[in-house]
Amino acid sequence: MKTTVIWFLVALNAMLLGALVWKYLPTNYAEAQVRRPGDYVMIPVDFSGARAGTVVILDSTTREMSAIMFDDAQKTIGAMPPIKLDDVFAGGRRR
């Protein structure tokens, strides 16, 4: 009876030690992503007088809008800096 209890306590301590070591082992995955990726809506638009089409990009996670345009003559892509839509639709209210 005594040996059974002693072996049970040895096994229990070994399991607890294993759980403690498992908790402090370094993780094997990257934790660089702070927030979830954005949900994007891309809308092709044509402007009168523009030489090429434009793509408007809406990010519903960060609530930002941007646009990109390909210039056929110079073979370059131009990008518009993002605009925060909350500021645009605030209606003149200050935050």
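The side chain of Ser 66 reaches the backbone oxygen of Met 80 at 2.6 Å. A polar contact here is a pair of N or O atoms within 3.5 Å; within protein, one must be able to donate a hydrogen and the other to accept it, and residues adjacent in sequence count only if both atoms are side-chain atoms. The model is predicted: local features need pLDDT of at least 70, side-chain atom pairs count only at pLDDT 80 or more, and totals for chains, interfaces and linings use all residues. Residues are numbered from 1 along each chain as its sequence is written, and side-chain values use heavy atoms, with hydrogens and water left out.

Ser 66 belongs to strand S3. Its relative accessible area is 16%, so Ser 66 is buried. Buried means under 20% relative accessible area, exposed over 50%, and partly exposed in between (1.4 Å probe, protein chains only). Contact means heavy atoms within 4.5 Å.

The overall fold was examined next. The protein chain holds 2 helices and 5 strands. Helices (H or I, at least four residues) and strands (E, at least two) are DSSP runs, numbered from the N terminus. Along the sequence the order is α-β-β-β-β-β-α. Of the 95 residues, 12% count as buried. The accessible surface comes to about 8,700 Å². Carbon and sulfur atoms account for 65% of that surface. Areas come from the Shrake-Rupley method with a 1.4 Å probe; for residues, only the protein chains shown count as cover. Among contacts between residues at least 6 apart in sequence, 6% join residues at least 24 apart.

Strand pairing was assigned from DSSP bridges. Two strands pair if DSSP finds at least two bridges between them. Strand S1 (residues 40-45) pairs with strand S2 (residues 54-59) in the antiparallel sense, over 6 bridges. Within this pair, Met 42 has Ile 57 of S2 as its bridge partner. Val 45 is bridged to Thr 54 in S2. Of the 6 residues of S1, the number buried is 0, so S1 lies largely in the open.

S2 also pairs with S3 in the antiparallel sense, over 6 bridges. Val 56 stands opposite Ala 67 in S3. S2 and S3 form a hairpin with 4 residues between them. Arg 63 lies in the loop between S2 and S3. Arg 63 has a positive phi of about 55 degrees, although it is not a glycine. At a relative accessible area of 47%, Arg 63 is partly exposed.

In a regular strand the side chains alternate between the two faces of the sheet. Phe 70 is found in strand S3. Phe 70 counts as partly exposed because its relative accessibility is 35%. Phe 70 and Gly 53 are 17 residues apart in sequence and 7.1 Å apart in space, C-alpha to C-alpha. Not counting residues up to four places away in sequence, Phe 70 touches Ala 52, Gly 53, Lys 75, Thr 76 and Ile 77.

Asp 71 is also placed in strand S3 (residues 64-71). Asp 71 counts as buried because its relative accessibility is 14%. The Asp 71 side chain reaches the backbone nitrogen of Ala 73 at 3.3 Å. With residues up to four places away in sequence excluded, Asp 71 touches Arg 51 and Thr 76.

Lys 75 lies in the loop between S3 and strand S4 (76-79). This residue has a positive phi of about 55 degrees, although it is not a glycine. Lys 75 is exposed, with a relative accessible area of 60%.

Ring interactions were also checked. The charged end of Lys 23 sits over the ring of Tyr 24, 5.7 Å from its centre. A charge sits over a ring if NZ of Lys or CZ of Arg is within 6 Å of the ring centre and within 35 degrees of the ring normal. The count of aromatic pairs is 0. Rings of Phe, Tyr and Trp (its six-membered ring) pair if their centres lie within 6.5 Å; planes under 30 degrees apart count as stacked, over 60 as edge-to-face and the rest as tilted.
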